[in-house]
Amino acid sequence: MWNKVQETVAFINNETNNFKPEFGIILGSGLGGFADDISVEFTIPYAHIPNFPISTVEGHKGALLFGTIGDKKVVAMQGRFHYYEGYDMREVTFPVRVMKFLGIDKLVVSNASGGVNPSFKVGDVMLIKDHINMMPDHPLRGKNDERFGPRFLNMSEPYSKKMMVKARELAKELQFDLKEGVYLGLQGPTFETLAEYKMVKILGADCVGMSTVPEVIVARHMEIDCLGVSVITDMGDEESIEEVNHEEVLQAAKTAEPHVRALIENFIKTF
C-alpha cells in the first residue's frame, strides 16, 4: 500500500506541477455540480491515474480536480468508490491516502442518504455528527503500517467539532435549515427494506447510506479533520409502501445541491 500511494502521488505531482491542496473534497451522488464552484487548474481522469479504481456509478463522473476556492487550494473527487462496486475497502479508501500525501489536512465528505428521523423530509441537508459502521469489512483490517497511522485508532471524534461549529454558523448566515444527526453505513447496493429502515432508527441513526464511513475512518487514521454533509434523498418510513430508485435519489440530491454547494464553498473559503 505504501509503495502504491507514493507511486500515485509522484504521478499526480508531476501532472500538476506539485500542486499542494489544503482541503480534500469527496462529492457524492448528484453533487458533482460543485465542481463548477472550483477554479480548476488541473483535471485528471481516474482512468489515467496509476493504482486508482474507476467509478462505475451513474452520478459519479470519475476525475480528480485540482484548483482553488477563494484563496484555498483544494483537490476534489468528482465521484467516489463504493464497496458494493466490487472493490475492497483498501481500494475504496485509496484516494484518501493519496490526498493526504498530496498535502491535505482537512476533508469535506458529502453523500446522499435515506432518512429515518421523522422530522426530516426529502431534500433536507444534514450535518453528520457521528456515524455507525455496519459495513461487512473494515478499511484498517490487516497488517498496520505505522507510516499511515496507529494500529488502534481512537474514533471518539470522527467529525471535527470545530468544523461543525463553523458549518452551523454558515447555515444560519445562508438562511437554511441545517439538520444534524448520525449516519449509518451499510454495504448496499440495495436500498433498505422497510424492516431495515426500522432497524436503522432503533440503532440510533438518523439516516442511512452506502459510503462515507470507510473514507472517514481512513482520514482519521492519518489525522485528517473531517466535515460530513448528507443530503436526505428519500425517507424510510416503515409504514410506507413507496418505492425509491436511483434516478429519484439523483433528482432529490440535485434539488438540495444549491444549499450544499453554498455551505461547502463558504466553509472552505472561511475555515
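A: Two strands pair if DSSP finds at least two bridges between them. Here strand E6 (residues 125-133) and strand E9 (residues 225-235) pair in the antiparallel sense over 3 bridges. Helices (H or I, at least four residues) and strands (E, at least two) are DSSP runs, numbered from the N terminus. This is a predicted model, in which local features need pLDDT of at least 70 and side-chain atom pairs count only at pLDDT 80 or more, while totals for chains, interfaces and linings use all residues. Residues are numbered from 1 along each chain as its sequence is written, and side-chain values use heavy atoms, with hydrogens and water left out.

Q: Which residue in E9 does Val-125 stand opposite, and what is the bridge partner of Val-125 in E7?
A: In E9, Val-125 stands opposite Val-231. In E7, the bridge partner of Val-125 is Leu-178. Strand E7 (residues 178-185) runs parallel to E6, and 8 bridges join the two.

Q: How many residues of strand E3 are buried?
A: Buried means under 20% relative accessible area, exposed over 50%, and partly exposed in between (1.4 Å probe, protein chains only). In strand E3 (residues 63-69), 7 of the 7 residues are buried, so E3 is largely enclosed by the rest of the structure.

Q: How do the two faces of a strand come into this?
A: In a regular strand the side chains alternate between the two faces of the sheet. Both faces of E3 are covered. Ala-63, Leu-65, Gly-67 and Ile-69 are buried on one side, and Leu-64, Phe-66 and Thr-68 are buried on the other.

Q: Which strands pair with E3?
A: Strand E2 (residues 39-45) pairs with E3 in the antiparallel sense over 6 bridges, with Ser-39 opposite Thr-68. Strand E4 (residues 72-78) also pairs with E3 in the antiparallel sense, over 7 bridges, and there Gly-67 stands opposite Val-74. E3 and E4 form a hairpin with 2 residues between them. Gly-70 in that turn has a positive phi of about 65°.

Q: Which residues have a positive phi although they are not glycine?
A: Gln-175 is one of them, with a phi of about 60°. Gln-175 is found in the loop between helix H3 (161-174) and E7, and is exposed, with a relative accessible area of 73%. Glu-223 likewise has a positive phi of about 60° without being a glycine. Its place is the loop between helix H5 (213-221) and E9; Glu-223 is exposed, with a relative accessible area of 65%.

Q: Where is there a cis peptide bond?
A: A cis peptide bond joins Gly-188 and Pro-189, with omega about 5°. Pro-189 lies in the loop between E7 and helix H4 (194-202).

Q: How should I read the packing of two helices, and what is the angle between H1 and H2?
A: Axes are lines fitted to C-alpha atoms, for helices over the stretch in contact, and angles run from 0 to 180 degrees between N-to-C directions. The axes of helix H1 (residues 2-15) and helix H2 (residues 89-102) come within 9 Å and cross at roughly 60°. That makes H1 oblique to H2. Angles under 35 degrees count as roughly parallel, over 145 as roughly antiparallel, 65 to 115 as roughly perpendicular and the rest as oblique.

Q: What is the handedness of the crossing of H1 and H2, and which residues meet?
A: A crossing is left-handed if the near helix is turned anticlockwise from the far one by less than a right angle, and right-handed if clockwise. H1 passes H2 in a right-handed crossing. Contact means heavy atoms within 4.5 Å. Trp-2, Lys-4, Val-5, Gln-6, Thr-8, Val-9, Ile-12 and Asn-13 in H1 meet Phe-94, Arg-97, Val-98, Phe-101 and Leu-102 in H2. The residues of this contact divide into 8 nonpolar, 3 polar and 2 charged. Ala, Val, Leu, Ile, Met, Phe, Trp, Tyr, Cys and Pro count as nonpolar, Asp, Glu, Lys and Arg as charged, and the others, Gly among them, as polar.

Q: At what angle do H2 and H5 pack?
A: H2 and H5 pack at an angle of about 50°, with their axes 9 Å apart, and are therefore oblique to each other. H2 passes H5 in a right-handed crossing. The contact is made by Met-89, Val-92, Thr-93, Val-96 and Arg-97 of H2 and Pro-214, Glu-215, Val-218, Ala-219 and His-221 of H5.

Q: Is His-82 buried or exposed?
A: His-82 is buried, with a relative accessible area of 4%. Its place is in the loop between E4 and H2.
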